[in-house]
Every structure is written in C-alpha cells, then in structure tokens.
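Try each task before you read its solution.

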Amino acid sequence: MDVVSGLCSAYRIINGGSSRSFAVYLVAASSLAVAATAAAAAFFLPSYTSAFSRRNITLSSPTVHAWPDLEVSWRSALATVIGFLGSAFGTVGGVGGGGIFVPMLNLIVGFDTKSAAALSKCMIMGASASSVWYNLRVAHPSKEVPIIDYNLALLFQPMLMLGITIGVDLSVIFPYWLITVLIIILFIGTSSRSMFRGVQMWKQETLLKMEMEKQVAAQQSNQKQVDVDTKYEPLLPQPEKTTLEVLMFNIRWKGITVLMLVWFTFLLLQILKSKSESCSLFHWVVTVGQFPVALIVFGKKAAELWRESRLRRMRGNWECVCEASIEWTPVQLLFCAFCGLLGGTVGGLLGSGGGFILGPLLLEIGVIPQVASATATFVMMFSSSLSVLEFYFLKRFPIPYALYLIAVSVLAGFWGQSFVRKIVKILKRASIIVFILSAVIFASALTMGVVGTQKSISMIKHHEYMGFLSFCQK
C-alpha cells in the first residue's frame, strides 16, 4: 500500500495547478470555434443560402429513420467487436466512447445519424452501469474513503445534465460541418493534454519505483546484520475487507439521494418538454426551468466546498477537501461549472456522455486516475440514462437493437474494468488509465472528423444546404 500511496501523492504533485493551463486551452478552443462560425456565417453560408433560394431547394426536411433489422451478418459482428472494445476501454478512461459508437452505427450498421446518437447513449448507459457496479466493490487505492468522489459528482452532474439538454437543442439547428469542427478542436486538444499528463506520470512512477527498490534493498541489507538470536513478536496482518464491506463503505446514500432527485427533476422536465409544442410558451418555460434546478444544486455544493476549503486554510490545515488537489476558490468553481456545461453540451451534440471533457478535467485538478475514472463513469451513468429515456419517449431507436447493444456494453464494462485494473495492479502504473483515456478521445476525434468531413464534402457536391436550421421546425 506504501508504493500505491506514493504513486498517488506523486500524481497529485504532477497535476497541482495544471487546471489553469487547461482553462486557457478551453477558452482558446471555444474562441477559435466561435471565430470559425462567425467567419463561415458571414462569408460562406450567405452564398449557399441565396443559391438555394434561387433553385427553390427546401432548407429543411423531416428526418427519415434508417433502422436495419437485427440479424446475424458481418456488419453486426464487426459492430459487436468494435462496440465491445469501445465500451470496455471507454469506461476505463471515463469517457464513454460515444465518438466511436456513432460512426460505427452510422457507417457499418447503417443507422441514420440521429438514431446512431440515441443508440450510442444506450451503449454508454450499459457500460457505465456495469462499471459503477464493479467500482463500488473496489477499495480506494490509498485512503479510507470511497472510490467515487460524491462531492465532485454532485458538483458536476447538474451542470453536465443542463449542458446535455442545451447540446440536444443545438444539434437541431447546428450544421453538421460546425459540429465536426467543434469536435476536432476539443477532442484533439483534450487528447493531447491527457497524453502529456500520462507521460509525466509515467516518468514520475518510474522514479518512484526506483526509489522504492533502493529502500527495499537497504532494508534487506540491514536485516542481515541483525543478530539471528533476536526474538521478534509476530506482526498481526491487517484484516482485509470483504467485497460486501467494501461495497457498503463505497455507497453514500445521502449523495446518491441528491443525485437521484436531480435526475428525476430533469426527467420530469424533459417529459413535459417532449409533450409540449415546439417553441410554444410552455415549451420555453420548461426549458428555462432547467437552469435554476442545475444552478441551485451546483451552487449549494460549490458553497460547501468553498467554505470547507477556506476554514481549513485558516486553521493551517492544507489537506484537500475532496479528491481534487486544488484550493476551491470562486474562480476554480466557476471554471468547473463552465467545463461541466461544456462537457454536457458536447455530449448532447455528439451523442456521448460528456466524459470527453469531464474525464480529462478530473485529471487536471489532481484526481488520481482510478478515482477520476470511477467518478466520471458514475456521473455519466446518470446523464446517459436520462438521455436514453428522453430518446425512448421520442422513439429515436429500435428496442431490439438497443437491448442487444446494452447487453454487449454491460459485459464489456465488467471485462474492461477487471482487465485494466489487474494490469495497473501488476505494473503499479496508474498512468495506463490516462493513456487509455487519451487514446479513446483521439480515436473518437479521428473517426468523427473523417465521417464529418466526408459528409460535408458530399453535401457540397450535391448542393445541399449547409447553414443553420430553424429550431422551431424540429
């Protein structure tokens, strides 16, 4: 346990203060995306709009569902393999894998884009649920605290859910090329940052392991010099907790109850929203009603973290309030709110669980990989299940295919967590989780970028409208 504790401490040192540079990147990336949008809207889209007006081409058309039958074929077999591996490693990294699932379901299986995004949420939900169940039966690697940080979950979940609802609405009006640009900018950047963090941690782990080996060798050398006739009292081994004891210790009913209340509130609002007429007064009232719910829960938890952090500093206690090794200042809390909102918005646009921002963010604020993965997956379980129910009410996916993909993802989540955590335990390198996170995000950026570019080129060749669509004509 000393080696593991040392690795965790080293990782906190590596990540201390790095959230500021991560914030600079996110602001710069968002500014670049906004600038690209403004430039395209000013110079590129008006010419297309006028051309389409002259040709009497309809700017929007109803969505046609493409739902292939669930049958044994090479397409379904290949999708099963890709879905299994994507779910396994996506949940380990805490990012879900939606950037891999959507292109797979669209290109290989043959679903339309909106149905593929809905089924992607089903896969994320299944993998997240099984991963959460696995993580609840795993002890924290270095401390007597739950493996899931409920404080961070309560801080990020409301803003993540609010962002997802915003992203779903924006996906209706945003052109496909713009979504592709946003995905490439965000995913390439977060993947690079995560890879950089992983390399730093790998080097620190190597140095720490070498130091531990020297200490063990010195202890063995000193032991040989001790008189053989000296009698020692046998050390009683520390009793290990059973799986049931670890499970009960990791469950915090107060935090789970609050999260469930937020989840049910958003679900109720989404049901009311889906039953209302688009752009009606009731529709906008329900839409705006989501903001105070998210802000109240976030504000309450943010105030608790700020007060606790401030009191500890005043008493000279520099111990972290939660797993994040940062001081909870108003600026840091606003940054977390922005990242949660951004992650949810990207998740709503893409059909992912928002983990592509949340996973790297938890690493940036000093959370160790095991806890970051467990917490991000726990939050994604709530957000993805909410989206699945929302898509179910909208009839966005076929039930047989959804049940099959959920079953594949559940098995993949168990296997991925078990396999990777065994490797981490054997090699004593938690940086492996960071490398997996980075690889999944990069693969998602690559697949979504290729698919988005291909579709945009096809739209240009066929003289299809590439501007912003009407929100009230969903």
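Predicted model: local features only at pLDDT ≥ 70, side-chain atom pairs only at ≥ 80, totals over all residues.

**Exercise 1. The whole protein**

Task: State how many helices and strands the protein has, and what share of its residues is buried.

Solution: 
- The protein has 15 helices and 0 strands.
- It is 474 residues long, and 52% of them count as buried.
- Now take the contacts between residues at least 6 apart in sequence: 85% of these join residues at least 24 apart.
- The accessible surface is about 22,600 Å², and carbon and sulfur atoms account for 68% of it.

**Exercise 2. Helix H6**

Task: Check the span of H6, residues 150-173, against 1.5 Å a residue.

Solution: 
- H6 has 24 residues. The expected span is 1.5 Å times one less than that number, so it should be 34 Å.
- The end C-alpha atoms lie 35 Å apart, which agrees.
- Look along H6 for a bend: a kink of about 30° lies at Phe156, shortly before Pro158.
- As for cover, 20 of the 24 residues of H6 are buried.

**Exercise 3. Trp415**

Task: Decide whether Trp415 is buried, partly exposed or exposed, and find its contacts beyond four places in sequence.

Solution: 
- Trp415 sits in H14, residues 399-427.
- Its relative accessible area is 35%. Buried needs under 20% and exposed over 50%, so Trp415 is partly exposed.
- Beyond its sequence neighbours, Trp415 contacts Phe84, Ala88 and Phe89.
- Ala88 is 327 residues away from Trp415 in sequence, yet their C-alpha atoms are 6.5 Å apart.

Terms used: Residues numbered from 1 in each chain as written. Heavy atoms only, no water. Helix = DSSP H or I, 4+ residues; strand = E, 2+ residues; numbered from the N terminus. Buried < 20%, exposed > 50% of the residue type's maximum accessible area, 1.4 Å probe, protein only. Contact = heavy atoms within 4.5 Å. Areas by Shrake-Rupley, 256 points an atom, 1.4 Å probe, with all protein chains shown as cover. Bend = angle between axes of the 7 residues up to and from the residue.
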